[in-house]
Amino acid sequence: MDGALLDDGSRVIAVQLPCEFGRASCVLGRHLDSLQPHMAIALGQAGDSSDVRLERVAINLDDAPIADNAGQQPIDVPIIVGGATAYFSSLPIKAMVAALRATGIPASISHSKGTYVCNHVFYGLMQEAGKRPYMARAGFVHVPYLPLQAARHPAAPSMSLETLESALRLMLVVAQAIQGDIPSAEGTLA
């Protein structure tokens, strides 16, 4: 787990979470405990997306239209019984979207991407971030298919790996550099 380095010397470490309700949050918590990151950005894939979508809100609800990779399909179940109704991203998502667009990378803000495993992970990440004083920022980003994946799904949009890597680097740089966020009317429900 050496990780990549950004220009400012920050270390970036990627970990893969299982696409399973419950288990994804447990694995995430263990990685947060061992790595103690200053910032955490979870990524998920949205096959219907043609742009990088920064998520604004995680809601306390698992309501799966299909089963996860372990065969679980919770319907109308809170992620945390008695937990907060929702959490907002603590990333400067509007500044990040503006920076991505300025470099020609399609990007948007999504107010909600649903109630599947990505929302489950986002909600768990934000709850865990609130317990860790060393974690200044956290949030969730959906990315499109890679071209090879889109080829298996006719008419699905895609984005090159190089563009996605550039987008992730830029988002990390902006999230470290911007203290607040910029005023801008942004966001969709997709």
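This is a predicted model: local features need pLDDT of at least 70, side-chain atom pairs count only at pLDDT 80 or more; totals for chains, interfaces and linings use all residues.
Student: Which strand makes the largest share of the lining of the largest pocket?

Tutor: That's S3, with seven residues. Residues are numbered from 1 along each chain as its sequence is written, and side-chain values use heavy atoms, leaving out hydrogens and water.

Student: What makes a residue part of the lining of the largest pocket, and which are closest to its centre?

Tutor: A pocket is an open set of points on a 1 Å grid over the protein atoms alone, where a 1.4 Å probe fits, with protein on both sides within 12 Å along at least five of seven lines; a lining residue has an atom within 4 Å of a point. Here 49 residues line the largest pocket, and Ala14, Val15, Ile41, Ala42 and Leu43 are the closest to its centre.

Student: How do you know that the length of H1 agrees with a helix?

Tutor: A helix is a DSSP run (H or I) of at least four residues, a strand one (E) of at least two. The expected span is 1.5 Å times one less than the number of residues. With 13 residues (23–35), H1 should span 18 Å, and its end C-alpha atoms are 18 Å apart, so the two agree.

Student: Why are some residues of H1 called buried, and which are they?

Tutor: Buried means under 20% relative accessible area (1.4 Å probe, protein chains only). In H1, Ala24, Val27, Leu28, Gly29, His31 and Leu32 are buried. They pack against S3 (39–45) and H3 (117–131), where contact means heavy atoms within 4.5 Å.

Notes:
Buried means under 20% relative accessible area, exposed over 50%, partly exposed in between (1.4 Å probe, protein chains only).
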